[in-house]
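Please view the sequence and the structure together before reading on.

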Amino acid sequence: MPPVWRRPALVAFALGLLGVGFRVWLTARDAPLTNSDEATIGLAALHIWRGEDFPVYFYGQHYMGTIEAYLAAPFVGLLGPTTLALRLPTLALFALFLPLMYALVRRVYSPWLATATVGLLALGSDRIVKNQLIAGGGYPETSPMLVALLLGVLAVSRSEKPRPWLTGGIGLLAGLIVWNHLLPLPYLAAAAVLLLVFARRQLASRAGWTLAGGLLLGAFPLIWHDLHSTFSKSFLAVFWHLQTTGTDPSASERLYGGGLIGVPLGTGLCAPSHCAGWQLWWGPAYAALLVIAAVLAYRSPRTPESGMRLALAVAALITVVSYARNSAAGDSPIESARYLSCLLISTPAWLEPLWRGIAAIARPNWQRLVAGVPLAAGVAMALYATVALAVHVPVYSAAAANQPKVIAALAAHDQTRVYADYWTCNWISYQTGEERICAVVGDDLTEGLNRYHPFWDEVGAARVVTYLAPIGSPLDTTLAAAFPDRPVETAADYHLYLPAGELPNRR
């Protein structure tokens with residue numbers, strides 16, 4: 001038996017354990033900082049646990065399913081409305097993602113490339129960890145579901161006999177993914193093509209019916225919603241709206257934000273909310289590696305494995321191009337890089353050309369160097385981004401410690417109805433178990449983005465309300481002018497305007 005360090009599965013397990021341990025440590029330190037998007041999922045989980053509501057979509061919109069809320073509901077019931085209750089399921093999803101990736105890459109590529117993939121995925125930049133841990137809707141659960149689906153597609157494609165139970169499971173996962181988020185569509189399309197190419201006979205049998213049945217079952221929440229809504233709020237209408245609306249940044253802004261900044265951020269090579277100029281080479285290098293991987297897969301003998309390699313490369317390329325075409329890539333490239341979260345599934349695709357170049361013993365040393373330098377640089381940047389996040393953790397911990405201070409200040413004055421900005425409101429409502437209700441106002445004190453609209457009605461009906469604003473924010477300036485004679489209390493980095501009477505034109 002070879003030593004432990006020569007056994008890829010055990011090495012991968014050790015690396016994966018380090019990755020999970022790093023995220024457990026982050027969770028214990030309240031990093032990354034929770035926000036109102038995560039609290040919106042928390043509110044949905046709270047309502048599900050109480051039996052008050054069973055939302056199909058993220059509150060305030062008609063897309064992005066609530067799988068995270070249903071997973072978190074038992075933990076919210078057990079632990080109360082805490083951030084930990086929301087992140088225990090996302091931690092478990094990440095812990096599941098790593099062995100699923102190992103299994104997929106081992107079958108499609110090689111055991112040691114699978115180990116290298118797990119090692120890279122175990123690292124975690126700020127953007128990557130936010131996608132994996134924050135229960136903000138649509139991201140932590142997507143990757144493990146997609147990889148499980150691709151494993152199922154591979155198994156069906158390699159089998160000559162119909163496997164109805166497996167095709168039913170593939171359909172179920174596909175339906176859940178479509179309901180949950182639109183981002184994985186390139187990967188779902190690639191999986192569909194693989195089934196049509198390699199499993200046509202099975203799809204023509206009873207297995208095809210179980211695939212369709214599973215798809216309908218998984219997408220049932222979406223179907224139910226559309227049957228009870230107008231067309232403008234349906235899946236197709238929302239999908240078209242998201243593709244055709246927004247601002248119109250220039251082509252250079254989209255290319256810069258989508259490719260040069262988006263790809264390094266989306267693949268985990270940048271520090272918190274920042275990509276340095278020297279890191280931007282990774283965008284074109286990443287695209288080139290995917291193209292090479294696609295060519296290598298296309299030129300290989302036609303097998304389910306080579307088809308999967310081609311699918312991973314092409315789906316990643318389509319994802320990047322689709323993102324770069326979207327206005328978000330030009331308008332908010334730092335935050336919008338979360339839309340590239342599915343790229344992690346294609347990690348072995350860009351690794352393969354470099355891996356081949358290094359592993360080929362017969363190749364000249366200069367060719368190994370050409371392959372080894374970008375690989376070493378990519379790994380070094382991923383390590384740098386992970387260390388940068390670890391260094392940034394005290395900032396997140398300090399900000400998280402301020403949230404209970406704000407809630408305590410409200411409790412000290414017995415204030416239960418609050419107006420505040422979007423990024424404040426829902427965590428107040430969630431963390432107090434809706435004992436204190438917060439409604440969102442804009443900087444001009446008109447109604448802001450209230451994802452759960454009953455809060456706006458409830459606060460609006462209150463006789464006495466408190467206004468809350470981050471110190472120095474535009475809202476703080478507006479409130480100071482509107483309440484020149486009101487007592488103002490400071491709680492952490494907020495101003496509380498107490499007591500707050502009604503302001504004109506709030507509606």
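## The second largest cavity

By class, eight nonpolar and five polar residues line the second largest cavity, with no charged residues; here Ala, Val, Leu, Ile, Met, Phe, Trp, Tyr, Cys and Pro count as nonpolar, Asp, Glu, Lys and Arg as charged, and the others, Gly among them, as polar. The volume of this second largest cavity is about 140 Å³. Its lining consists of 13 residues, and Q132, Y139, P140, S143 and L344 are the closest to its centre. Two or more lining residues come from each of α4 (83-108), α6 and α7 (142-158), and α4 provides the largest share, four residues.

## Basis and terms

The model is predicted, with local features needing pLDDT of at least 70 and side-chain atom pairs counting only at pLDDT 80 or more, whereas totals for chains, interfaces and linings use all residues. Residues are numbered from 1 along each chain as its sequence is written, and side-chain values use heavy atoms, with hydrogens and water left out.

A cavity is a set of points, on a 1 Å grid over the protein atoms alone, where a 1.4 Å probe fits but cannot get out, and lining residues have an atom within 4 Å of a point. Grid points are joined across faces, edges and corners, and a volume is the space filled by probe spheres set on the points. Helices are DSSP runs (H or I, at least four residues), numbered from the N terminus.

## The largest cavity

The largest cavity has a volume of about 200 Å³ and a lining of 18 residues, of which L120, T267, G268, L344 and A382 lie nearest its centre. α20 gives the most to this lining, with four residues.

Definitions and conventions. 1 Å grid on protein atoms, 1.4 Å probe; cavity = no way out; pocket = protein on both sides within 12 Å on 5 of 7 lines; lining within 4 Å.
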